[in-house]
Amino acid sequence: IRDLRASETELAQAQQLAHIGHWEHDLETNRMVGSEETQRIIGLPEPTDGIDFVTFLESVHPDDRRRVEECAAQALRGQEAASVEYRLIRSDGSQRYIFGQWNATLDASGKLLRLFGTLQDITERRRAEEDLRTLSHAVEQSPVSIIITDTTGKIEYVNPKFTQVSGYSREEAAGHNPRLLKSDETSPEEYRQLWTTILQGGTWRGEFHNRKKDGTLYWERAIIAPIRDAGGQIVQYLAVKQNITEQKRLEDELRLREGYQRAVLDNF
């Protein structure tokens with residue numbers, strides 16, 4: 001008995017860590033009996049020995065209820081294990097994302113004996129996925145060029161703005177060093193300062209006079225910084241670059257105009 005209780009305790013702890021609960025559906029009473037973790041996921045205010053299946057369905061988000069019912073029906077037909085993702089509205093009004101699996105046990109004649117399954121709280125995973133999608137959309141639609149390289153400088157990712165500005169496709173840029181944009185207009189000393197800064201974990205800010213794929217020269221203002229893993233080790237480098245060619249042209253025109261004005265004043 002002691003070993004059985006210990007096993008039950010370990011199972012409850014494992015379910016809590018994995019955010020997975022198990023349940024059984026009594027077809028005669030139409031009640032679901034769930035583990036402690038199942039009850040916690042559902043958000044029952046107090047532990048209970050069972051919950052009515054209809055009550056459970058009412059806690060499912062209205063837009064997802066039909067899919068949950070279809071999943072249950074599939075399991076009731078004695079087919080292979082069915083699974084479904086849905087939103088659950090708990091008693092406190094909070095919403096959780098759930099991944100549920102439904103299984104059925106049949107006797108030798110094919111008669112349904114019981115319905116059972118698991119609930120997994122995947123809310124944090126779904127939120128992380130949504131955050132990642134939001135970040136991905138922001139990077140893909142960014143008005144500035146974004147480049148990610150490995151620690152040796154080989155390009156691993158470029159966004160659409162990079163391809164638009166440089167003329168190089170993602171496939172052409174991948175695996176190459178950003179030197180493919182080099183025009184020899186930027187001094188070697190500036191490149192040395194760049195690498196010294198980022199290798200030491202710092203952030204470099206400066207300007208490049210680069211060359212597009214078609215040979216056209218253009219100016220970029222860049223910020224380059226290391227990307228670190230959870231342990232603090234540098235694993236990649238991130239470059240964010242803005243095309244400032246038009247700004248440079250206007251600055252040159254302004255300087256030229258000022259030069260003319262100074263010449264005129266000197267003549268006077």
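Reader: Leaving aside neighbours within four places in sequence, what is Glu172 in contact with?
Author: Glu172 is in contact with Gly167, Leu180 and Lys213. This is a predicted model.

Reader: Which helix is Glu172 in?
Author: Helix α7, residues 170-173.

Reader: Is Glu172 buried, exposed or partly exposed?
Author: Partly exposed. The relative accessible area of Glu172 is 30%, and buried would need under 20%, exposed over 50%.

Reader: How far apart are Glu172 and Ile155?
Author: They are 10.0 Å apart in space, C-alpha to C-alpha. In sequence, 17 residues separate Glu172 and Ile155.

Reader: New topic, the sheet. What's the strand order?
Author: β3-β2-β1-β6-β5-β4. The sheet is open, has six strands and pairs them antiparallel.

Reader: Which strands stand at the edges?
Author: β3 (51-52) and β4 (82-89). Each has a single partner strand, so one side of each has no neighbour in the sheet.

Reader: What packs on the sheet?
Author: Helix α4, residues 65-76. It touches β4, β5 (95-106) and β6 (112-121), and its direction makes about 145 degrees with that of β4. Helix α5 (residues 123-140) lies across β4, β5 and β6 and runs at about 125 degrees to β5.

Reader: Back to β4. Which of its side chains are buried?
Author: Ala82, Val84, Tyr86 and Leu88, which point to one face.

Reader: How many bridges join β4 to β5?
Author: Eight, with the strands antiparallel. Ile89 stands opposite Gln95 in β5.

Reader: And the hairpin of β4 and β5, which residue there takes a positive phi?
Author: Gly93, near 90 degrees. Five residues lie between the two strands.

Reader: How many bridges join β1 to β2?
Author: Four. β1 spans residues 20-26, β2 spans residues 31-34, and they run antiparallel. The bridge partner of His25 in β2 is Met32.

Reader: Last one. How much space lies in the largest pocket?
Author: About 380 Å³. There are 19 lining residues, and Asn177, Pro178, Leu194, Phe208 and Ile224 are the closest to the pocket's centre.

Reader: Which elements give two or more residues to that lining?
Author: β7 (145-149), α8 (188-199), β9 (204-211) and β11 (234-243).

Reader: How do the lining residues divide into nonpolar, polar and charged?
Author: Twelve are nonpolar, four polar and three charged.

How values were computed: Residues numbered from 1 in each chain as written. Predicted model: local features only at pLDDT ≥ 70, side-chain atom pairs only at ≥ 80, totals over all residues. Heavy atoms only, no water. 1 Å grid on protein atoms, 1.4 Å probe; cavity = no way out; pocket = protein on both sides within 12 Å on 5 of 7 lines; lining within 4 Å. Points joined across faces, edges and corners; volume = space filled by probe spheres on them. Nonpolar A, V, L, I, M, F, W, Y, C, P; charged D, E, K, R; others polar. Pairing = 2+ DSSP bridges. Contact = heavy atoms within 4.5 Å. Axes fitted to C-alpha atoms, helices over the stretch in contact; angles between N-to-C directions. Buried < 20%, exposed > 50% of the residue type's maximum accessible area, 1.4 Å probe, protein only.
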